[in-house]
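Student: I am new to this structure and would like a close, careful look at a single chain. Could you take me through a few of its strands, helices and side chains, with the reasoning where there is some?

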Amino acid sequence: METRKLVLNAPTGLHARPASELVKLVKGFAPTVVRISTAERSVNAASMLSLLSLGLKCGSELEVSVEGGDEQAVLEAVASFVESIKE
Amino acid sequence: MTVKGPAVLFKRPGSGTAARSFDEAFGLVRSELERQAEGNPVFAAHLEMLDDPMLCDTVKDNILAGMSEPEALAAARDSIVSMFEHIDDEYLKARADDVRDIFGRLRAAMTGGTPGGESVIPDGHILVAEELFPSDTAGIDFKALRGILCHKGNNTSHVCIIARAKGVPIQVGADISGIKDGDTVQVDDPLAGRLQSIASKARAAGLKVYVNAANLAEIRAGMDAGAEGVGIFRTEFLFLNRSSMPSREEHETIYREALLACAGKPLTLRTMDVGGDKELPYLPVTVEDNPFLGLRGIRFSLKHQDVFLPQLEGAVDAARSVRGMHPEWFEEGSPLHLTIPMVSTAEEILQVRDILSGIAPDYRSLLELGIMIETPAAAIDAPALAVESDFFSVGTNDLTQYIMAADRCNADVAYLYDPFAPAVRKALEFTVEAAHKKGIPVGICGELASDPRATGILIDLGFDSLSLSRLEG
């Protein structure tokens, strides 16, 4: 399993549109499983409801973990997507 | 209380057609949304939510936990909606409406109708129905209603419980024949207003008004109705009617949801009060000659720690997780108040504290630990028990029965079961005095709290809170 700690820089937090794009991205890597965790909870990044329920705000610390195939590449893709969310 | 207003007849969406299973309903709603999603971003987002594994998983988990399909759907809706409503972000909060809408479609499809949404009832009307099922109430926006007239049902029907908790007058057993939409009708509800009058009297005297609850729906309904917290959350339902023991994670999920539903106000969680006459299918049955003097409440929990431990662990986990989301709720002490039933000695409290220290050395910052005062031993030794407790909660039903040594269900001695008897009064007086000498709060959560004849007495005795039973009105 590969993991990386990140900080969300999107000024208005993780909202539905970027969340839904993240879900699409993650689903494309199936069956590799991507999880997003905060200090309290860990959710499957393929579930938009779960992602939104984290209530991630600007400045929230999160950890991306990838398990399955191609872990390094998937982690890279997911991490750079999360870091690129600017809306 | 009597209210008048224009009638609106309840229409169960598509009633008459056969009901569908959850899976069939899901397929129907999915194909309709797929059609609507083309070029419509709102419906496209709804389709995505519908396909979300969390939605199906939550419903299926509820079905596995023994709920009927409509109940499972309503419970899943409530838990997902509340998750969104508690996000500290106005935009995401509003997504709760999308979730409601999707569940409304599913519900309509399951009850045999065309998927569309929730039943729409214009504001200020009186809903008139032959009978309202739990699955119907799930789709009704009570806040918009002035009252409910129902032909079938009784005061303990689900719809009555919910309506009263929401402060909506309801009359069951009403003759509704011949009523048409728009007719002016009248609802007579002798019970509505009774709780409100107790509540306002208590609040005026500076007491907190809590609500009793046995599940998440009741907690939410009570908080919606303006309760300042939950005075007793009976957790037995988690243990009964199932074939295996609930896991630490199951406890954690429910308690977390409950804490979120209370939004920082106290949640008094009573640890399982089983044993005696309530047996668990997954534990060997022991027949007792005298179950009410036997292995129940904390006695049972300490003997069956394999059942008790996951509950305490789940409670600690839930508090920790909620504190992570809302540290501000913990600034003046934890909103999680754990209360132990059937305590008779200080030793029992210390044993629970030992177990909690083993789970989390810092548990004192995560929860308050109090006890139920419901045995004569606890009332008589209240000054000593107060030393080990963060609060007291008086359960008048058991306390009365044990002090008077009278079984309320035995017609020959039922006259002795009197919560107004001098002996019970003295026990209450002594308990309140002991709590206040030690500087801990003491609340009352038995049926007496919901009895309007007792309100003045309880205020005079110095109780800090009343927890009202919604069944009582």
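Tutor: Two strands count as a pair if DSSP finds at least two bridges between them. With that in hand, and keeping in mind that this is a predicted model, we can begin with strand E1 of chain B, residues 2-9, which runs antiparallel to E5(B) and is joined to E5(B) by five bridges. Within this pairing, B:Val3 stands opposite B:Val187 in E5(B). Strand E5 itself spans residues 184-188 of chain B, and its covered face carries B:Val185 and B:Val187, while B:Thr184, B:Gln186 and B:Asp188 make up the uncovered face.

Helix H17 has 17 residues and reaches 24 Å from its first C-alpha to its last, close to the 24 Å expected at 1.5 Å a residue. Its buried residues are B:Val424, B:Ala427, B:Leu428, B:Thr431, B:Val432, B:Ala434 and B:Ala435. Seen down the axis of H17(B), these buried residues fall within an arc of 160°, so they line one face of the helix. In general, an α-helix has 3.6 residues a turn, so residues three or four places apart point the same way. On the face of H17(B) turned away from the buried side we find the exposed residues B:Pro422, B:Lys426 and B:Lys437. After H17(B) comes B:Gly439, whose phi is positive, near 80°.

From there we can turn to helix H9 of chain B, residues 216-224, where B:Arg220 has its place. B:Arg220 counts as buried because its relative accessibility is 14%, and buried means under 20%. The side chain of B:Arg220 is joined to that of B:Glu257 by a polar contact of 3.5 Å. If neighbours within four places in sequence are left aside, B:Arg220 is in contact with B:Asp78, B:Ser79, B:Ser82, B:Glu257 and B:Ala261.

Another buried residue, B:Ile162, belongs to helix H7 of chain B, residues 158-165, and has a relative accessibility of 10%. Although B:Ile162 and B:Ala221 are 59 residues apart along the chain, their C-alpha atoms are separated by 6.7 Å.

Lastly, two cysteines deserve a look: B:Cys56 counts as buried at 19% relative accessibility, and B:Cys262 is buried with a relative accessible area of 1%. Over all chains, the structure holds zero disulfides.

Notes: Residues numbered from 1 in each chain as written. Chains lettered and ligands numbered in written order. Predicted model: local features only at pLDDT ≥ 70, side-chain atom pairs only at ≥ 80, totals over all residues. Heavy atoms only, no water. Buried < 20%, exposed > 50% of the residue type's maximum accessible area, 1.4 Å probe, protein only. Helix = DSSP H or I, 4+ residues; strand = E, 2+ residues; numbered from the N terminus. Polar contact = N/O pair within 3.5 Å; in protein donor to acceptor, adjacent residues only side chain to side chain. Contact = heavy atoms within 4.5 Å. Expected span 1.5 Å × (residues − 1). Arc of directions from axis to C-beta. Disulfide = S-S within 2.5 Å.
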